[in-house]
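Hi everyone, thanks for making time.

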2 protein chains.
Amino acid sequence: MLVLITYDVNTTTARGKKRLRQVSKKCLDYGQRVQNSVFECILDSAQLRKIKYELAEMIDMETDSLRFYNLGETYKTKVDHMGIKESYDMEGPLII
Amino acid sequence: MLVLITYDVNTTTARGKKRLRQVSKKCLDYGQRVQNSVFECILDSAQLRKIKYELAEMIDMETDSLRFYNLGETYKTKVDHMGIKESYDMEGPLII
């Protein structure tokens, strides 16, 4: 399934900036960045539980926020893009 | 249906900052801000077409990006939140 992960991390402190880098790095382990604070990840249920657990350990619950949107298996018709950086097909071949 | 609108607007210029304010204002006409650059809007098909048209007129297609995710009618089980600022129930009574 496609899971969209969006986050706001408080970066007014050095610790906040570090959390932001950690969250970004973790999300990139599971998916692609489509906007500055938006990641699209193809996950199964076990992976979703795992990333939620890992991210919950990283963020400061008092200042940061994370949201998870489950777009299911038939997500291709549910996503539309305008402007720069159209994302590539995550399940297709990666051409570099 | 619930439509998630996420955006990255290039704010390195004064014009970019103005576009960001315009995009934010327009999104707030249709929904609530749940994170800095993430809006959740309850829209019908006609409203979705309208907001897409309006936002497309505002952004710079060369530098900004907008993404639309359609979470359908049964979205309540598809959204999960961690950390600060849990959003309110958009279809419930608004208590101020």
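Let's start at B:Ser24: setting aside neighbours within four places in sequence, B:Ser24 is in contact with B:Tyr7, B:Arg33 and B:Phe39, where contact means heavy atoms within 4.5 Å. Before I go on, this is a predicted model, where local features need pLDDT of at least 70, side-chain atom pairs count only at pLDDT 80 or more, and totals for chains, interfaces and linings use all residues. As for bookkeeping, residues are numbered from 1 along each chain as its sequence is written, chains are lettered from A and ligands numbered from 1 in the order in which they are written, and side-chain values use heavy atoms, with hydrogens and water left out.

Back to B:Ser24, which sits in helix α1 of chain B. Helices here are DSSP runs of H or I with at least four residues, strands are runs of E with at least two, and both are numbered from the N terminus. Is B:Ser24 buried or exposed? It's buried, at a relative accessible area of 9%; the cut-offs are under 20% for buried, over 50% for exposed and partly exposed in between, with a 1.4 Å probe and protein chains only. The side chains of B:Ser24 and B:Arg33 are also joined by a polar contact of 3.4 Å. That term means a pair of N or O atoms within 3.5 Å; within protein, one must be able to donate a hydrogen and the other to accept it, and residues adjacent in sequence count only if both atoms are side-chain atoms.

Another buried one is B:Gln32, at 5% relative accessibility, and its place is in strand β2 (residues 31-35) of chain B.

Now, the fold, using chain A. How many helices and strands does chain A have? Two helices and five strands, and from the N terminus they run β-α-β-β-α-β-β. Of the 96 residues in chain A, 43% are buried.

How do the helices pack? In chain A, helix α1 (residues 14-30) and helix α2 (residues 45-58) have axes that come within 10 Å and cross at roughly 170°. The axes are lines fitted to C-alpha atoms, for helices over the stretch in contact, and angles run from 0 to 180 degrees between N-to-C directions. So α1(A) and α2(A) are roughly antiparallel to each other; that label is for angles over 145 degrees, while under 35 is roughly parallel, 65 to 115 roughly perpendicular and the rest oblique. Among the residues making this contact are A:Val23 and A:Cys27 of α1(A), and A:Ile51 and A:Leu55 of α2(A).

On to the pair of chains. A rotation of 180° with 0.0 Å of shift along its axis superposes chain B on chain A, with an RMSD of 0.0 Å; copies are superposed by least squares on the C-alpha atoms of residues with pLDDT of at least 70 in both. The two copies are thus related as by a two-fold rotation axis. In chain B, the C-alpha nearest that axis belongs to B:Leu71, 3.2 Å from it. And 100% of chain B's interface residues are also interface residues in chain A, so the copies meet through the same surface.

One last stop: A:Lys78, in the loop between β4 (65-70) and β5 (79-83) of chain A. A:Lys78 is partly exposed, at 24% relative accessible area. Not counting residues up to four places away in sequence, A:Lys78 touches A:Leu71, B:Phe68, B:Tyr69 and B:Asn70.
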